[in-house]
Amino acid sequence: MLDTEIVGDNYIIQEKAFLLGENFLKKYGKEVPKLNISNVVFRKSSGLNIEANYNSTISTFKEETIQPLMEFINLLNRYQESEKIEENFDVLNILYLNEKSVQFNQISEVKTMEQLKEQLYHDLDISNESLKERDEPLFIELENGLKNWGYQYEYGLKSNDWRFESFGCFQEYYENGECSEGYRLYLKGDSLDKDKLFELIQLLNSHPSLTFQDIVVSNLEDDERILFDDIKLIKSMTDIEKVYSGENESLGRVMSNKGE
């Protein structure tokens with residue numbers, strides 16, 4: 001259903017925004033539903049803010065999930081221009097599937113898909129979800145290989161709690177939607193044998209499609225884990241020995257599973 005509502009403390013100011021929203025839906029009432037957009041709300045803030053529901057997921061690697069948003073923004077900008085609305089359309093808040101939301105700023109400046117994606121790249125939830133969805137087949141394949149070495153993902157392939165996930169990307173490593181320096185990976189296994197860990201790191205470093213920055217490997221039986229801060233720097237068994245001895249903590253360190 002397409003509708004608007006009056007929101008905000010100042011009724012007269014918000015009523016004007018409400019009427020602009022009503023007029024928008026009258027003008028583009030056929031186009032908007034085709035974009036899976038509903039519940040469009042105009043409200044007054046410093047400029048005009050628009051809120052809407054989007055009945056879809058959003059992935060930076062699937063243009064079919066972004067194109068409707070681009071078309072909706074085009075409609076808004078066309079409406080502002082045709083109606084000669086002087087106030088800026090400052091913010092577009094989109095509520096999409098599973099009660100998630102994303103905010104687009106200065107939508108009058110968003111003219112291309114690349115500009116739209118650039119804003120999406122700054123949303124860490126969308127960037128993270130998009131990467132994981134794209135790379136999930138690779139992680140499934142990797143999981144099978146890890147099992148042959150006696151390791152598995154510590155929190156499983158998927159987790160319902162974002163605080164406990166087997167792989168992810170640190171905020172500072174996101175670049176144009178990609179994890180530029182590589183994933184952090186949490187594994188568990190029966191042993192923290194040095195030779196075995198070195199072979200594991202070689203396996204991960206040689207992966208043709210996935211890049212890893214750091215890994216945490218837990219040995220549940222011994223209540224111990226080991227962190228390698230950047231596995232690309234682990235070149236030899238000597239480096240492994242330095243981690244175990246504490247000689248070079250920039251490479252990694254041994255910790256207790258109950259806390260460092």
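## Burial and surface

Of the 260 residues of the protein chain, 44% count as buried, where buried means under 20% relative accessible area, exposed over 50% and partly exposed in between, with a 1.4 Å probe and protein chains only. This is a predicted model, in which local features need pLDDT of at least 70 and side-chain atom pairs count only at pLDDT 80 or more, while totals for chains, interfaces and linings use all residues. Residues are numbered from 1 along each chain as its sequence is written, and side-chain values use heavy atoms, with hydrogens and water left out.

The accessible surface of the protein chain comes to about 14100 Å², computed by the Shrake-Rupley method with a 1.4 Å probe. Carbon and sulfur atoms account for 44% of this surface.

## Overall form

The protein chain has seven helices and twelve strands; these are DSSP runs, with helices (H or I) of at least four residues and strands (E) of at least two, numbered from the N terminus. Its radius of gyration is 24 Å, well over the 18 Å that the globule rule gives for 260 residues, so the chain is more spread out than a compact globule. The radius is taken over C-alpha atoms, and the rule is 2.2 Å times the number of residues to the power 0.38. The C-alpha atoms fill a box of roughly 70 × 35 × 25 Å along the principal axes.

## Nonpolar cores

In soluble globular proteins, nonpolar side chains tend to be buried together. A nonpolar core is a set of buried Ala, Val, Leu, Ile, Met, Phe, Trp, Tyr and Cys residues joined through side-chain atoms within 4.5 Å. The largest one here has 36 residues, and Phe24, Phe42 and Phe72 have the most contacts inside it. Helix α3 gives the most to this core, with eight residues.

Leaving aside neighbours within four places in sequence, Phe24 is in contact with residues including Val32, Phe42, Phe72 and Tyr79; contact means heavy atoms within 4.5 Å. A second, separate core of 31 residues includes Leu146, Phe167, Tyr183 and Val217.

## Helix α4

Helix α4 spans residues 113–121, and its buried residues are Met113, Leu116, Lys117, Gln119, Leu120 and Tyr121. These buried residues pack against α3 (63–82), β4 (100–105) and α5 (124–148).

Asn39, in strand β1, has a phi near 50°, a positive value in a residue other than glycine. Asn39 is partly exposed, with a relative accessible area of 27%.

Gln106 is in the loop between β4 and α4, and its phi is also near 50°. Gln106 is exposed, with a relative accessible area of 56%.
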